[in-house]
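Please look over the model shown below and read the report beside it.

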Amino acid sequence: MNPALQYFRNIFDSAYTVFDGLSITFSYLFQKPVTLEYPNRNKKKVQDTLPDRFRGFLEVNHLTCTTCDACAKACPIDCITMDGVKVPGRKGKAPVYFYIDISKCMFCGLCIPPCPTDAIYFTKEFEGSSYDPKQLIYSYVSDETAKEYLEQNRILQMEKEKEDEGEEKQ
Ligand code: SF4
Ligand code: SF4
């Protein structure tokens, strides 16, 4: 091809390519978006759309947990820690702290079947990103609850000591 013609042909091709690409880009300005902005524009809460057996963050019911340690022993990566005290009218011990390090948890579910009281279970919650790994150590017993259990345990101990003293005197 004639060099002059080739020169103008190149200019034309470059301009055409740019406008061809941009025409596709601009066409999206007039189309209904196929993506939804998460989470604000979803009609339903995402958690409500998940299957029943979805494995989200673990939850622990401190009211039924007996601090038996079965879940912690079953966990292959030791991310569950707890301790408890005896309180009146309750089997086992009531937890005064119960932590799960969610940053280590691999959602295998091995901790759930051994629980004798179904106190530990998966939820559908999965939004927990954090810049601080310490915030991913989830606590399932509040300070107030722990104080209450410790107080109940103190009263129980006092009653037991009184009983023991009474038996010794007899
Ligand atoms: S789901 Fe698995 S890794 Fe997570 S706490 Fe339970 S046993 Fe441990
Ligand atoms: S297995 Fe159940 S009852 Fe035992 S410590 Fe774990 S959550 Fe509590």
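## Overall fold

The model is a predicted one, and its protein has a secondary structure of three helices and five strands. Read from the N terminus, these elements follow the order α-β-α-β-β-β-β-α. The radius of gyration is 31 Å, whereas the globule rule gives 15 Å for 170 residues, and because the value is well over that figure the protein is more spread out than a compact globule.

The spans of the C-alpha trace along the principal axes are about 125 × 30 × 30 Å, and buried residues account for 14% of the 170 residues. Among the contacts in the protein with a separation of 6 or more, 76% are between residues 24 or more positions apart.

## Helix H3

Helix H3 covers residues 143-169, and because each of its 27 residues is taken at 1.5 Å, with the span counted over one less than the number of residues, the helix should span 39 Å; the C-alpha atoms at its ends are 39 Å apart, in agreement with that expectation.

This helix is also hardly covered, since two of its 27 residues are counted as buried.

Which residues come nearest to ligand 1? Of the 14 residues around ligand 1, those that come nearest are Cys 75, Cys 105, Cys 108, Leu 110 and Cys 111. By residue class, the shell around ligand 1 consists of 13 nonpolar residues and one polar residue, with no charged residue in it.

Definitions and conventions:
Residues numbered from 1 in each chain as written. Chains lettered and ligands numbered in written order. Predicted model: local features only at pLDDT ≥ 70, side-chain atom pairs only at ≥ 80, totals over all residues. Helix = DSSP H or I, 4+ residues; strand = E, 2+ residues; numbered from the N terminus. Buried ≥ 20, exposed ≤ 12 C-beta atoms within 10 Å, placed from the backbone. Rg over C-alpha atoms; globule rule 2.2 N^0.38 Å. Contact = placed C-beta atoms within 7 Å. Near = placed C-beta within 6 Å. Nonpolar A, V, L, I, M, F, W, Y, C, P; charged D, E, K, R; others polar.
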